[in-house]
Amino acid sequence: MAVGGFAVDDNSRAFSGKVTASVVITCIVAASGGLIFGYDIGISGGVTTMQPFLKKFFPAVLRKAADAKTNIYCVYDSHVLTAFTSSLYIAGLAASLVASRLTRAVGRRNTMIIGGLTFLVGAALNGGAENIVMLILGRILLGFGVGFTNQATPIYLSEMAPPKWRGAFNTSFQFFIGIGVVVANCLNYGTAKLSWGWRLSLGLAIVPSVIMTVGALLISDTPSSLVERGKMAQARDSLRKARGKDIDIEPELAELVKTSEAVKAANEEPFVTIFERQYRPHLVMAFAIPFFQQLTGINIIAFYAPVLFQSVGFGSDSALIASIILGCVNLFSILVSTFIVDRYGRRILFLEGGTQMIIGQVCCNLSARHLIPLFTWNIHITCTYVLKLRLEILRNSDRKLKLNFVF
């Protein structure tokens, strides 16, 4: 969806600026919002394989697993279990529809705080759940938190980062998602044998939400957001901290003011503006790239990794270890992308990642053995997370008119 509006004559690359300690700390705090989403991706799949969790909330699934003769591929056919896993994403979709307006109205920082608090309440409900209603309600609140933070954090990073290193700073959000996935998978492995392990796994989602919320309370909003809301003195202070005290920030601040005034003068609804003919290529790419990426099935692999590995014959512990391996591959690929994106551009990542994904998908479909899918899934998840940089092409490329899209 559209966020903020549009910037006329994007000359951000021409402004001076360096990587200051302030901007690094600020962006790390903001990017830690990725921990929320990453932790949930990693934790849910592992929890749904824990017997104490299934016994309490989904006994029918556990009975099917006990009766399975060859594999357990179909034993997770439960509408209630599906509601548990999918409710977060449905809530996240609903939240994202209002998060763009909220981000413009109250700022990027405040939106992250709202998302963090919502996620915290949802994690507490999940950790203390006594029935399926509490469990799904907690998931819905988690989804609202993810929707708000996933909307505000990438914009925050784009607006705070020095133009020269904007791509690398943006990948920090994805990096924290990767950290969240690995931590969650390791925690699942450590608590799988405990009767209350599922409570610990779900309840510890409070930790990343507290880290992000407290961190967001200690940082300032972006200069662009502050200018949008008419807080010029705060915008100047924020920009000076981000760019360095010895840098002349007035030209960049003047450009931000000019952009904000142009948006207000146009007085057009962003959701209407993006459908105009001149923005059609941007709109098509903004939808097509993430749409086809999702169709590769990478989110299913990441989310249901323990279940998928069990369904092809892995034991419970082996399935969790395999999920940890996938998470580590994810982290490695993000680090590689971070060093490449600003040196060689976004296009090379699309070409390289897309080619390897084709190879990985073909291998997965042709193979019927266990180890080969594990290897090719590693290839697939590596390349897909390389392609997570898709929004960078839309947010940070140099063009006369720039639109910001966040999904």
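Guide: Helices here are DSSP runs of H or I with at least four residues, strands are runs of E with at least two, and both are numbered from the N terminus. By that rule Phe 339 sits in helix α18 (residues 316-344), and the protein chain has 21 helices and 2 strands. The model is predicted, so local features need pLDDT of at least 70 and side-chain atom pairs count only at pLDDT 80 or more, whereas totals for chains, interfaces and linings use all residues. Residues are numbered from 1 along each chain as its sequence is written, and side-chain values use heavy atoms, with hydrogens and water left out.

Visitor: Why does Phe 339 count as exposed?

Guide: Exposed means over 50% relative accessible area, buried under 20%, and partly exposed in between (1.4 Å probe, protein chains only). Phe 339 has 53% relative accessibility, and therefore counts as exposed.

Visitor: What makes Ala 60 partly exposed, and why is Val 307 called buried?

Guide: Ala 60, in helix α4 (residues 59-67), has a relative accessibility of 37%, so it counts as partly exposed. Val 307, in helix α17 (residues 305-311), has a relative accessible area of 11% and is therefore buried. Over the whole protein chain, buried residues make up 54% of the 407 residues.

Visitor: Why is α1 called roughly antiparallel to α7?

Guide: Helix α1 (residues 21-31) and helix α7 (residues 132-160) pack at an angle of about 170 degrees, with their axes 9 Å apart. Because angles over 145 degrees count as roughly antiparallel, α1 is placed in that class relative to α7. The axes are lines fitted to C-alpha atoms over the stretch in contact, and angles run from 0 to 180 degrees between N-to-C directions.

Visitor: Which residues of α1 and α7 meet?

Guide: With contact meaning heavy atoms within 4.5 Å, Val 23, Thr 26, Cys 27, Ala 30 and Ala 31 of α1 meet Thr 153, Tyr 156, Leu 157 and Met 160 of α7. These residues divide into 7 nonpolar, 2 polar and no charged. In α1, the buried residues are Val 23, Thr 26, Cys 27, Val 29, Ala 30 and Ala 31, and their packing partners include α2 (33-47), α6 (108-127) and α7.

Visitor: Which residues touch the most other members of the largest nonpolar core?

Guide: A nonpolar core is a set of buried Ala, Val, Leu, Ile, Met, Phe, Trp, Tyr and Cys residues joined through side-chain atoms within 4.5 Å. The largest one has 47 residues, and Phe 53, Phe 58 and Leu 135 touch the most other members. Helices that each supply at least two residues of this core include α1, α3 (51-57) and α7. Leaving aside neighbours within four places in sequence, Phe 53 is in contact with Val 47, Thr 48, Phe 58, Phe 84, Leu 135, Trp 198 and Leu 202.

Definitions and conventions. Angles under 35 degrees count as roughly parallel, over 145 as roughly antiparallel, 65 to 115 as roughly perpendicular and the rest as oblique. Ala, Val, Leu, Ile, Met, Phe, Trp, Tyr, Cys and Pro count as nonpolar, Asp, Glu, Lys and Arg as charged, and the others, Gly among them, as polar.
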